[in-house]
Amino acid sequence: MTNLEYLDLSYNSLKCPTGKELDLFSFYPPLHCPESTPEYTPQVAIIICVVLAFSVFCLIILLQLAHKCLFKTRQVQPTKRASKNGDILSVWNYDGKIAFEDILKATEDFDIRYCVGTGGYGSVYRAQLPSGKVVALKKLHSSEAEEVSFRKSFENEVETLTKIRHKNIIRLYGFCLNKRSMFLIYEYMERGSLFCVLSDDLEAVELDWSKRINVIKGISYALSYMHHDCTPPIVHRDVTSTNILLNSEFEAFVSDYGTARLLDPDTSNRTMIAGTYGYIAPEFAYTMAITEKCDVYSFGVVVLEMLMGKHPGEFLSSLSSSSSSIQNMLLTEIIDHRPSPPRNRIVESDIVLITTLGFACLNAKPMYRPTMKLVSQQLLARKRLLAKRFSDISLGQLMFPAEILLEIEK
């Protein structure tokens, strides 16, 4: 075709490498198709780089947010660890790094030197963890830790208790359960129990009447929450001065709530574990039934213990007899004389109100005792002043609420 001078290729649907149809009528040799031009310019390349960089930046931000959300979720969820010996450790709302070996090391295998108290359900130990955090360990008395059914019910009960949130209820971090022992992990209270504070003359003086009133209020708020705001309601079963803990500011925290259910999960309101002698409601002797009104009675005992500075003991029996000698006794004769006498009229009226409510809670008939909700509402009510001098008020007047309340309202 080198000698070809003219070639007509029109209407033959030919295409060149760019894909464009050759719609020309004819070509003069040499046959030639136009060269394709580059589609990417420097401006386009810059735009693509910027878009890619922005996309990578957004991806990094999303990954960081997802990591934070996952980290928070893991903090809220219980962290469980099983060791080679079959020990179970579960800690709620904590860093999840506590190991059973850390507990043993912190208490030197629960040495008596670290024991800060003993109650009906077990002994309490102070432990400083490797992180520096100080916790209280409630080592429970039980030999059923190896039973599978017991371990499962124990875990379920603790999980329920860890969901309780109230400013006057001690915070439960979790538990540890192994073949040798089982214990609960609580936040640590610097002052220890109310019983210990009242037993120490120096601390009893520091626990003045304003602080004592606030302690009583805090206990009532906590019990009211347990009885009326929890589903199902929680009956403490062992409201005593040893189970009321105080922080450095003498604020009250109820502890050992639900421990009876932990150790005896198959019972609902009937159990042999029914509190501490001297605080048990009288009806338990013949009904063997634990109800909210049993907690109310125990609260009344703690109220008198706070007012008198010691357990009321035989005074409780005298109250039930309602003898004239008791009724004629003045309130100032029985209250603790270690702290300075109340000088403020509002504090005096609060003492009278608390004593009145305490006597009502100690009624021998459960149906006539107030609920903890009513008690807490009375303590939250508007302040009222006494119509007569504080030093002239007798116990007999406090045993009849209508009479004394009329005097307060005047």
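Guide: Phenylalanine 250 is buried, as its relative accessible area is 4%, below the 20% limit for that class. This is a predicted model, and in it phenylalanine 250 sits in the loop between β9 and β10 (252–254). Its backbone deserves a look too: phi is near 60 degrees, a positive value in a residue that is not glycine.

Aspartate 109 is another non-glycine residue with a positive phi, about 60 degrees. You will find aspartate 109 in the loop between α2 (100–107) and β3 (115–118). With 48% relative accessibility, aspartate 109 counts as partly exposed, whereas phenylalanine 250 is buried.

Proline 232 belongs to the loop between α6 (209–228) and β9 (244–246).

Now to the charged side chains. The whole structure holds 11 salt bridges. One of them pairs glutamate 206 with arginine 191, with 3.3 Å between the closest N and O atoms. Glutamate 206 is in helix α5 (residues 201–206) and arginine 191 in the loop between β7 (182–187) and β8 (192–193), so this pair ties together parts 15 residues apart in sequence. Glutamate 206 itself is partly exposed, at 37% relative accessibility.

Aspartate 336 and arginine 338 also meet in a salt bridge, at 3.0 Å from N to O. Aspartate 336 is buried at 7% relative accessible area, while arginine 338 is partly exposed at 26%. Both belong to a network of salt bridges that links Asp201, Arg212, Asp336 and Arg338. A further salt bridge joins arginine 389 and aspartate 392, again given from N to O, at 3.3 Å. Here arginine 389 is exposed, with 57% relative accessibility, and aspartate 392 is partly exposed, with 37%.

For a nonpolar counterpart, turn to the surface patch formed by Phe54, Phe57, Ile61, Leu62 and Leu65, which together have about 520 Å² of accessible area. Leucine 62 lies in helix α1 (residues 42–76) and counts as exposed at 54% relative accessibility.

Finally, a pair of helices. The axes of helix α9 (residues 292–308) and helix α13 (residues 345–361) come within 8 Å and cross at roughly 140 degrees. That angle makes α9 oblique to α13, and the crossing of α9 past α13 is left-handed.

Terms used
Residues are numbered from 1 along each chain as its sequence is written. This is a predicted model: local features need pLDDT of at least 70, side-chain atom pairs count only at pLDDT 80 or more; totals for chains, interfaces and linings use all residues. Side-chain values use heavy atoms; hydrogens and water are left out. Patches are made of residues with over 30% relative accessible area and no salt bridge: like charges are joined within 9 Å, nonpolar side chains (Val, Leu, Ile, Met, Phe, Trp, Tyr) within 5 Å. Accessible areas come from the Shrake-Rupley method with a 1.4 Å probe; for residues, only the protein chains shown count as cover. A salt bridge is a side-chain nitrogen of Lys or Arg within 4 Å of a carboxyl oxygen of Asp or Glu. Helices (H or I, at least four residues) and strands (E, at least two) are DSSP runs, numbered from the N terminus. Buried means under 20% relative accessible area, exposed over 50%, partly exposed in between (1.4 Å probe, protein chains only). Axes are lines fitted to C-alpha atoms, for helices over the stretch in contact, and angles run from 0 to 180 degrees between N-to-C directions. Angles under 35 degrees count as roughly parallel, over 145 as roughly antiparallel, 65 to 115 as roughly perpendicular and the rest as oblique. A crossing is left-handed if the near helix is turned anticlockwise from the far one by less than a right angle, and right-handed if clockwise.
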